[in-house]
Amino acid sequence: MIRVRDLRVAYGDRVVAEVPELDVGRGECVAIVGESGSGKSTTLLALLGLTEGARVSGEVSVCGVDVMKARPRALRAVRGAKAALVIQSPQAALSPTTRLGVLMRRALRLHGVTGGPSLTGGAGSTGGPGTMGKGARGIDAVMAQACEAVLLDPAILRRYPHEISGGQAQRFAIAMAIALGAEVILADEPTSALDVTVQAEVVGVLRGLREERGLAVLLVSHDLALVSTIADRVLVMKDGVVVESGPARHVLRDPDHPYTRELLEALP
Ligand SMILES: Nc1ncnc2c1ncn2[C@@H]1O[C@H](COP(=O)(O)OP(=O)(O)OP(=O)(O)O)[C@@H](O)[C@H]1O
């Protein structure tokens with residue numbers, strides 16, 4: 001689903017992220033960890049061609065699309081529907097005067113989702129572009145099922161963005177991705193600034209989605225405790241460079257690099 005080789009992102013003369021190798025397969029979760037400013041978010045944004053003003057080189061393929069060479073239209077299709085970015089404060093990206101249901105319905109229409117087969121059959125079965133339409137009721141069902149998949153009461157669709165919590169906003173962003181038939185979720189610190197119960201909920205949702213729907217999840221976080229509960233593999237970044245990578249069990253229990261040990265020792 002995601003394949004990266006020799007990715008290098010520079011702003012001016014400064015290289016801010018260098019990732020020699022990163023692969024995320026269907027149903028897998030890979031986490032990028034490291035302290036603030038280590039290049040985690042830049043790496044995530046580069047995967048969708050969203051690092052404006054940067055010099056980017058290397059090979060990046062997401063859902064079969066060569067991000068470095070793709071035409072704008074193909075890139076928009078990847079960004080909008082196949083690979084969903086769940087950002088730190090999704091509320092800021094939502095129009096404040098529009099109810100969540102209207103926002104979701106618009107996004108679905110824009111991407112040609114008109115309500116198709118049930119959502120229970122795994123990623124890609126959500127009625128993507130080209131699906132036989134069933135009209136407004138079909139879309140309502142897709143939206144309600146997507147909310148339920150992230151443990152949100154579909155009644156939330158009648159609320160405005162400022163009427164929901166940060167955790168609910170992140171789950172809503174994930175629900176939107178599911179409704180659009182996303183195959184990949186790129187989550188940037190999906191649990192920052194959330195209380196522990198909400199953290200557990202969001203991570204539980206991501207874990208369930210990758211197991212049940214085969215979603216590929218790339219998670220950016222500085223929370224190693226959180227990462228240990230979900231990631232198959234971990235990349236540790238420091239000052240823009242990957243200092244260690246490997247199976248989560250190995251990296252988080254028996255790290256090779258002193259910086260990883262430092263991060264682990266800083267855990268409460
Ligand atoms: N548009 C930009 N122009 C110039 N420098 C940038 C730009 N975006 C990011 N950087 C720099 O790149 C470096 C890496 O930033 P990045 O946001 O990727 O780190 P991060 O590990 O995700 O940090 P955090 O956990 O705080 O989000 C930082 O030094 C940052 O200042």
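Me: In which helix is the place of S41?

Reply: S41 sits in helix α1. Helices (H or I, at least four residues) and strands (E, at least two) are DSSP runs, numbered from the N terminus. This is a predicted model, in which local features need pLDDT of at least 70 and side-chain atom pairs count only at pLDDT 80 or more, while totals for chains, interfaces and linings use all residues. Residues are numbered from 1 along each chain as its sequence is written.

Me: Why does S41 count as buried?

Reply: A residue is buried if 20 or more other C-beta atoms lie within 10 Å of its own, exposed if 12 or fewer, and partly exposed in between, with C-beta atoms placed from the backbone. S41 has 20 C-beta neighbours inside 10 Å, so S41 counts as buried.

Me: What does S41 touch, not counting residues up to four places away in sequence?

Reply: With that exclusion, S41 touches D188 and V220. Contact means that the C-beta atoms of two residues, placed from the backbone, lie within 7 Å.

Me: Which residues surround the ligand?

Reply: The shell consists of Y11, V16, G34, S36, G37, S38, G39, K40, S41, T42, G53 and H222. A residue is near a molecule if its C-beta atom, placed from the backbone, lies within 6 Å of it. Helix α1 (residues 40–47) supplies the largest share of this shell, three residues.

Me: How many residues of each class are in the shell around the ligand?

Reply: The shell has two nonpolar, nine polar and one charged residues. Here Ala, Val, Leu, Ile, Met, Phe, Trp, Tyr, Cys and Pro count as nonpolar, Asp, Glu, Lys and Arg as charged, and the others, Gly among them, as polar.

Me: What makes strand β7 mostly covered?

Reply: Five of the five residues in β7 (residues 184–188) are buried. V184, L186 and D188 point one way from the strand, and I185 and A187 the other way.

Me: How many bridges join β6 to β7, and how many pair β7 with β8?

Reply: Strand β6 (residues 83–86) runs parallel to β7, with four bridges between them. The pairing of β7 with β8 (residues 216–221) is also parallel, over five bridges. Two strands pair if DSSP finds at least two bridges between them. A83 has V184 of β7 as its bridge partner, and A187 has L219 of β8.

Me: Which residues touch the most other members of the largest nonpolar core?

Reply: Among its 80 residues, they are I2, A175, A179, V184, I185, L186 and V234. Helix α5 gives the most to this core, nine residues. A nonpolar core is a set of buried Ala, Val, Leu, Ile, Met, Phe, Trp, Tyr and Cys residues joined through C-beta atoms within 7 Å.

Me: Why does C63 count as partly exposed?

Reply: C63 has 16 C-beta neighbours inside 10 Å, so C63 counts as partly exposed. C63 lies in the loop between β4 (55–62) and β5 (65–66), and its phi is positive, about 50°, although C63 is not a glycine. Most residues other than glycine have a negative phi.
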